[in-house]
Amino acid sequence: MFCYQCEQRARGTGCEVLGVCGKKPEVADLQDLLLYSLMGLSQVVLEGIRFGMQARRYGEFVVTAAFSTSTNVDFDPQRFVDLIHQAVALRKEIRKELESSGYDLRLEEGPTTFEPAVTREELLSQAASVGLFSYPADNSDILSLKHTVLFGIKGVAAYADHARILGQEDDDVYHFIFKGLAAIQQTGLNLDDWLRLTLDCGKAAYRAMELLDAGNTETYGHPIPPKGPLGHKKGKAILDKADDIVAAVKTGRIRHFFLVAGCDGAKPGRSYYTEFVEKLPDDCIGMILSCGKHPFFDKDLGDIDGIPRLLDIGRCNDAYSAIQIALALSRALDTNVNDLPLSMILSWYEQKSLSILLALLYLGIQDIRLGPGLPAFFTPTVLNLLVEKFNIMPIKTPDEDIKEILG
Ligand code: SF4
């Protein structure tokens with residue numbers, strides 16, 4: 001086994017004997033083989049789409065299967081055996097249908113012709129040659145972006161799968177997933193092409209989050225602040241209006257917003273985020289999001305003219321709402337999002353947070369600070385590319401970062 005898709009990876013490089021998450025080698029290897037099967041299925045689906053085939057049900061399958069390989073989602077080896085066989089059966093079904101309609105499919109030997117073995121032991125032996133480092137790539141930087149797209153797709157798949165359950169789907173999201181998975185097994189794309197695919201993955205993530213938001217609000221209703229007493233009251237609150245915030249920014253009573261968002265985790269370095277929030281100057285507001293907020297969401301930082309200094313935006317599934325708040329603020333203040341007095345301090349852990357990061361990059365957001373460690377699958381060249389294009393940077397210490405941001 002080799003897996004380095006999440007921030008927990010062993011020794012900062014990757015899990016090779018047993019996952020820090022508890023994933024066993026057998027499961028890791030079957031997941032590799034499932035992904036290989038999905039890449040072959042995606043290549044054939046794209047051929048089918050070219051010939052006018054409806055691909056939604058294949059999209060639904062690929063999304064559910066790709067999501068199952070994300071961190072902590074499924075550790076049942078038999079489920080992966082079943083999914084591998086289903087993926088190949090679907091691939092054959094499409095091929096048969098296209099060929100019976102007179103289309104001449106010329107598929108190269110590889111994932112599109114892969115035949116899964118019958119026993120689990122034999123499947124494991126097949127898996128040995130299709131791991132992460134078997135993907136064709138001219139150099140380690142292209143391989144790095146292939147892994148980035150693959151792990152980003154898992155995050156997109158998580159949101160798309162949840163959205164589908166709530167009745168929201170978009171064939172464009174499925175189409176990107178087919179395209180990304182198919183491309184991983186192909187050669188011919190250069191580093192710029194892969195950077196474009198990485199941002200396309202961010203675009204698909206943004207759309208999948210939008211679908212999930214629509215699924216949630218259409219199923220459960222838009223969150224509406226209920227009527228309640230006005231005035232100050234000690235404790236938690238639901239913030240009811242945006243005008244006060246805009247006015248406070250315009251008059252300088254609010255100097256800066258910090259979106260402190262991302263995943264929780266066990267590493268000691270994550271205390272950075274609690275310390276960061278505690279050290280925010282009195283004229284700054286912390287907007288907090290996702291499970292990474294749990295160590296500090298109940299801190300009492302007081303308020304600025306009645307506006308709580310710690311605003312809880314919700315769960316990671318609400319990342320779309322946080323982006324909409326930033327966009328609304330930029331419209332209200334008539335400025336670009338990157339010129340807002342807003343900084344993003346993110347913690348990542350698994351593939352959903354990676355897909356959110358890619359969505360932010362797709363939207364052109366600059367100066368993101370990321371921690372507690374950077375993804376092990378970024379090579380120095382890929383990291384430099386992201387620094388050059390987006391000025392993304394690792395977190396330092398809360399004091400240094402706050403000082404740098406506020407100047
Ligand atoms: S998901 Fe994370 S912790 Fe689990 S095996 Fe992969 S890198 Fe290791």
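Predicted model: local features only at pLDDT ≥ 70, side-chain atom pairs only at ≥ 80, totals over all residues.

Asp 334 sits in the loop between helix H10, residues 319–332, and strand E6. The phi of Asp 334 is near 55 degrees, a positive value in a residue other than glycine. Most residues other than glycine have a negative phi, and most peptide bonds are trans. Is Asp 334 buried or exposed? With a relative accessible area of 72%, Asp 334 is exposed, because exposed means over 50%.

A second residue of this kind is Arg 11, which is not a glycine and yet has a positive phi of about 55 degrees. Where does Arg 11 lie? Arg 11 belongs to the segment before helix H1, residues 25–50. Its relative accessibility is 63%, so Arg 11 counts as exposed.

The backbone has a further feature to record: the peptide bond that joins Gly 371 and Pro 372 is cis, with omega at about -5 degrees. Pro 372 is placed in the loop between strand E7 and helix H12, the latter covering residues 380–390.

Which residues of H9 are buried? Within helix H9, residues 271–278, they are Tyr 272, Tyr 273, Thr 274, Phe 276 and Val 277.

Let me now turn to the chain as a whole. The protein chain contains 13 helices and eight strands. Its radius of gyration is 23 Å, close to the 22 Å that the globule rule gives for 407 residues, so the chain is as compact as a globular protein of that length. Taken along the principal axes, the C-alpha atoms fill a box of roughly 70 × 45 × 35 Å.

Of the 407 residues, 53% are buried. Among contacts with a separation of 6 or more, 75% are between residues 24 or more positions apart.

Finally, the surface and the charges. The protein chain exposes about 18,500 Å², of which carbon and sulfur atoms supply 51%. There are 42 positive and 55 negative side chains, and the centres of these two sets lie 2 Å apart.

Thank you; I welcome your questions.

Conventions: Residues numbered from 1 in each chain as written. Heavy atoms only, no water. Helix = DSSP H or I, 4+ residues; strand = E, 2+ residues; numbered from the N terminus. Rg over C-alpha atoms; globule rule 2.2 N^0.38 Å. Buried < 20%, exposed > 50% of the residue type's maximum accessible area, 1.4 Å probe, protein only. Contact = heavy atoms within 4.5 Å. Areas by Shrake-Rupley, 256 points an atom, 1.4 Å probe, with all protein chains shown as cover. Lys, Arg positive; Asp, Glu negative; His and termini not counted. Charge placed at Lys NZ, Arg CZ, Asp CG, Glu CD.
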